[in-house]
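Have the model open as you read.

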Amino acid sequence: MIPAPPATAASEGEGTGVGAALEELRRAGLLRELRTIDSAPGAHVRLDGREVLLLCSNDYLGLAGHPSVRSAAAEAAQRWGAGAGASRLVSGNLALHERLEAELAAFKGTEASVLFGSGYLANLGVIAALAGRDDVVVSDARNHASIVDGCRLARAETVVYGHGDLDALAGALRRTRGRRALVVTDAVFSMDGDLAPLEGIVELARRHRARVIVDEAHATGVVGPGGRGLVAELGLEREVDVTIGTLGKALGSYGAFAACTRQMAAYLLNRARTAIFSTALPPPAAGAALEALRLVREEPALLERLHANARTLRDALATQGFQIPATPSTMPIVPLVVGDPRAAMALCEAALAGGVFAQAIRPPTVPAGTSRLRLVATAAHEEADLRAAAATLGAAASDRG
Ligand SMILES: *Cc1c(COP(=O)(O)O)cnc(C)c1O
């Protein structure tokens with residue numbers, strides 16, 4: 001809820017407006033505060049002054065700290081500049097951007113791709129470009145916040161269907177009769193690590209002539225052949241209208257893209273407001289992503305290591321007595337659901353005292369009553385570290401009953 005503004009800025013303080021809102025969050029165990037990392041990226045970092053094992057980063061392949069990715073960022077800064085200076089459609093469109101778009105399209109198996117400033121901006125821009133006031137967006141209940149916000153920006157009617165429930169999706173699509181419909185789903189759900197039933201979704205969408213957007217933020221560089229994603233794994237490149245990917249997770253950089261046909265790319269450059277009215281991706285981010293893509297392509301050992309580590313973490317947690325949800329056994333996202341937000345924070349702090357950092361994730365990021373530690377195994381971890389971390393988490397959980 002947005003707090004009512006105080007009568008004057010000077011009267012603002014505890015008990016009124018913003019101060020009261022913060023106090024309410026603190027009482028509910030939902031106050032969020034920053035922690036500070038003061039070291040290079042990697043499996044071990046210095047967090048608020050102490051060395052910890054990092055177990056909650058989305059840098060799945062460890063590429064944010066990879067020497068050649070860092071060099072590529074530095075070289076791109078030297079060659080192209082620190083910033084792009086304008087939006088793509090004014091004077092910010094560099095040959096570097098076009099090279100990255102071509103590589104991303106090839107990686108995803110589509111004709112074209114369009115860069116965005118971030119995955120958040122991509123979802124906002126693409127959803128609002130493809131749905132308007134008279135349309136219906138049909139959206140999975142566990143979709144990422146940026147999809148939820150994209151639906152709001154589109155001002156379309158939004159119908160939320162039960163998580164992964166194809167019958168509910170079919171019902172929602174039947175009720176859109178006559179209106180243009182757009183189905184939106186995460187491929188890998190960010191907080192649970194489970195997969196969307198994409199084949200069923202695409203089949204229903206085809207039957208109801210609905211468009212489909214798939215958000216592969218946690219699938220790109222993680223699942224499918226060569227890390228190309230779930231859409232590629234299932235051979236659905238031609239059935240999905242737009243696949244969103246981020247450069248900020250497995251690709252170790254920042255920014256995002258929409259992979260689609262050439263015609264759709266031309267449309268997005270005319271209608272996706274977050275691409276049109278925002279400065280083009282900084283050259284160092286684009287250069288880093290290009291090098292990350294090369295590594296994903298040419299060093300399959302990175303992906304093998306990611307999946308082996310994911311399996312190790314899951315097995316070690318199961319040995320500690322944790323209930324691991326039944327997602328594919330090589331998925332790196334492992335939720336330890338605690339329930340109460342304060343209990344999740346307490347478990348997080350207890351693990352931290354043992355040198356393991358996995359941030360507690362609370363509502364509204366996850367549904368009420370499902371606060372959790374969201375663990376992530378990456379290619380940067382050592383097997384022994386993951387086993388030790390599972391033991392630390394097991395001890396922290398049993399100490400807390
Ligand atoms: C992280 C995430 C995004 C946002 O991507 P950014 O590039 O970090 O803005 C979008 N969708 C999903 C499912 C995500 O997990």
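**Salt bridges, domains and a sheet**

The structure holds 21 salt bridges, each defined as a side-chain nitrogen of Lys or Arg within 4 Å of a carboxyl oxygen of Asp or Glu. Before we look at some of them, a word on the source: this is a predicted model, in which local features need pLDDT of at least 70 and side-chain atom pairs count only at pLDDT 80 or more, while totals for chains, interfaces and linings use all residues. Residues are numbered from 1 along each chain as its sequence is written, and side-chain values use heavy atoms, with hydrogens and water left out.

One of these salt bridges links Arg 26 to Glu 23, with 3.9 Å between the closest N and O atoms. Both residues belong to helix H1 (residues 17-27), where they sit three residues apart, about one turn of the helix. Helices (H or I, at least four residues) and strands (E, at least two) are DSSP runs, numbered from the N terminus.

Now zoom out. The protein is divided into domain 1 (29-58 + 300-400) and domain 2 (67-296), with bounds that come from an automatic or database domain assignment. Taken over C-alpha atoms, their centres are 27 Å apart.

How much area do domain 1 and domain 2 bury between them? The value is about 1,400 Å², 66% of it on carbon and sulfur atoms; buried area is the accessible area (1.4 Å probe) that two parts lose on being put together, summed over both. In terms of contact (heavy atoms within 4.5 Å), 20 residues of domain 1 meet 20 residues of domain 2.

Across this interface the rule finds one salt bridge: Asp 192 pairs with Arg 372, the closest N and O atoms being 3.0 Å apart. On the side of domain 1 that touches domain 2, the elements giving two or more residues are helix H13 (301-319), strand S10 (333-339) and strand S13 (371-376). H13 supplies the largest share, four residues.

Two of those elements, S10 and S13, also meet in a sheet. It is an open sheet of three strands in the order S10-S13-S12, with antiparallel pairing; two strands pair if DSSP finds at least two bridges between them. S10 and strand S12 (360-361) are the edge strands, each pairing on one side only. Six bridges join S10 to S13, and Gly 339 stands opposite Ser 371 in S13.
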